Amino acid sequence: TLVGANGFAVDEQQRALIAAQASLLVLNLGLDWYSGWSEIIIYPEPFIVRHPQRDEAGVVHDESQQLGGEAWGRGPVILAWSEIDPSLQHRRGHNVVLHEFAHKLDLLDGAANGIPPLHAGFKAAEWAEAFTQAYGELARGHHYRRAGIDPYAGSSPAEFFAVMTELFFEDPLHLQRELPRVYEVLRRFYRQDPVRRVSKPRAHP
């Protein structure tokens, strides 16, 4: 179900757009990858969340954040329509629907660690080798900050996977050029090759 929050009324066109983008990730995986939960909540604008955070002294603080999207393990996906609305200008390669639904895939094994359940014959070492090196360089502030890759990807392995998924579908040529090994791993995982789609010559009448 797709439901509005904070007075937001979701129309059929908005439902279709969100559903189409979410379906892209599982196009060749199957809808079972989205099993175990059933609700998408849509706010009109970025929303405030409060999560307890423990500092180095062990004191727990209630910290607030403004988010454009959030994914809960067995709960809903929460989205801000202003981050999706195609009539508004968004950062190249950014797609909050793809980002949050990538978190859902990551959370299938119960942990948001940047490693979704891998297919048979897909060695975890292959995934780790490609992702760990690229994530480490980004987290240390190396050249990817200047290469059109959101530095937020360096905040955690889970966020790295979600941001790389955004780029894989939204700007695949850029991802393949900057991080070819990451692109190849995602190509095998999603069983899709977006570069071939964007590179295919258009037919002329």
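**Entry 1: the outline.** First thing to jot down: this is a predicted model. I counted up the secondary structure and got seven helices and six strands. Reading from the N terminus, I wrote the order as β-α-β-β-β-β-β-α-α-α-α-α-α.

Entry 2: The protein has 205 residues, and 45% of them count as buried. For the accessible surface I noted about 11,400 Å², with 51% of that belonging to carbon and sulfur atoms. I also checked contacts with a separation of 6 or more: residues 24 or more positions apart account for 60% of them.

**Entry 3: the largest pocket.** I looked up its space, which is about 650 Å³. There are 26 lining residues, and G69, H99, E100, Y152 and E159 sit closest to the centre. Which elements supply at least two residues each to this lining? My list has the strands β3 (47-54), β4 (60-67) and β5 (69-71), plus the helices α2 (96-106) and α4 (157-170). The largest share comes from α2, with four residues. By type, I sorted the lining into eight nonpolar, eleven polar and seven charged residues.

**Entry 4: the second largest pocket.** This one has a volume of about 180 Å³. I found 13 residues lining it, and those closest to its centre are A22, Y34, W37, I40 and F101. Helix α1 (residues 12-25) gives the most here, with four residues. The lining divides into nine nonpolar, three polar and one charged.

Note on methods:
Residues numbered from 1 in each chain as written. Predicted model: local features only at pLDDT ≥ 70, side-chain atom pairs only at ≥ 80, totals over all residues. Heavy atoms only, no water. Buried < 20%, exposed > 50% of the residue type's maximum accessible area, 1.4 Å probe, protein only. Contact = heavy atoms within 4.5 Å. Areas by Shrake-Rupley, 256 points an atom, 1.4 Å probe, with all protein chains shown as cover. 1 Å grid on protein atoms, 1.4 Å probe; cavity = no way out; pocket = protein on both sides within 12 Å on 5 of 7 lines; lining within 4 Å. Points joined across faces, edges and corners; volume = space filled by probe spheres on them. Nonpolar A, V, L, I, M, F, W, Y, C, P; charged D, E, K, R; others polar.
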